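This report describes some side-chain packing in one structure. Please look at the sequence and the model below before reading on.

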Amino acid sequence: MAEGTIYIYFKNKEDLLISIFKEKTRETIESIKTEVQKEKNPLDKLKRLIFLHLETYQKEKDLAKLYQLELRQSIRLTTEYFKVEHKDYLDLIGEIIKEGKDQGIFRADLNESIVKRVLFGAVDEVITTWVVSSKEYDLISVYDPLVDVLLNGLLNADK
């Protein structure tokens, strides 16, 4: 396809990147939703969601770099992303937290809005660190320690 042809469909490079980002994000969220629903309880759903989030980026490091570094510099993307795709993903996390609270698996006093943002933020930061690291390592290797901190917290169980 000639470069000029692209501009029939997209105003500029940013529009093209946003289109790719939105389409890939929708596909990823739908895939994660499908896989998460296969789990029986909210704790396993949450663990599966975190694993799939990491695995998705692990499989496509170039795409991870685009998401984590390039596209976040776009104010337009950030505002549009947070309106739809990001909200959908946070809502999925929130639904799992609510289900866990309703079943008595998670603490009843948890603020779902805060918890879903903390969970997303922690996973997102781990991915960003992996993307910018000068040291090559397997992103999935951080899954166990990440889940431990997120789900078991910081308190010493013996105290």
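F51 is partly exposed, having a relative accessible area of 22%. The model in which this residue is seen is a predicted one. The cut-off for a buried residue is under 20% relative accessible area, so F51, at 22%, does not count as buried.

## Aromatic pairs

A pair of aromatic rings is described by the distance of the centres and the angle of the planes. How many aromatic pairs are there? The count is two. One of them joins F51 and Y143 in an edge-to-face arrangement, with 5.5 Å from centre to centre and 90° between the planes. Because F51 belongs to helix α3 (residues 42-59) and Y143 to helix α8 (residues 143-152), this pair ties together parts that are 92 residues apart in sequence. Y143 is buried, and its relative accessible area is 15%.

Y89 and F120 also pair: their ring centres are 5.9 Å apart and their planes stand at 70°, so this pair is edge-to-face. Y89 lies in helix α6 (residues 85-102) and F120 in helix α7 (residues 112-132), so the parts tied together here are 31 residues apart in sequence.

## A charge over a ring

Another ring is approached by a lysine. K61 lies over the face of W130, at 4.5 Å from the ring centre.

## The nonpolar core

Which residues have the most contacts inside the largest nonpolar core? They are L49, I50, L54 and I93, in a core of 32 residues. Helices α2 (13-36), α3, α4 (61-70), α6, α7 and α8 each supply at least two residues of this core. The most comes from α7, which gives seven residues.

Apart from its neighbours within four places in sequence, L54 is in contact with V123, V126, I127, L139, I140, V142, Y143 and L146. Y143 in this list is also the ring partner of F51.

## A buried aspartate

Is D124 buried or exposed? D124 is buried, with a relative accessible area of 10%. Once neighbours within four places in sequence are left aside, the contacts of D124 are with Q68 and R72.

Methods
Residues numbered from 1 in each chain as written. Predicted model: local features only at pLDDT ≥ 70, side-chain atom pairs only at ≥ 80, totals over all residues. Heavy atoms only, no water. Phe/Tyr/Trp six-rings, centres within 6.5 Å; stacked < 30°, edge-to-face > 60°. Helix = DSSP H or I, 4+ residues; strand = E, 2+ residues; numbered from the N terminus. Buried < 20%, exposed > 50% of the residue type's maximum accessible area, 1.4 Å probe, protein only. Lys NZ or Arg CZ within 6 Å of the ring centre and 35° of its normal. Core = buried A, V, L, I, M, F, W, Y, C linked by side-chain atoms within 4.5 Å. Contact = heavy atoms within 4.5 Å.
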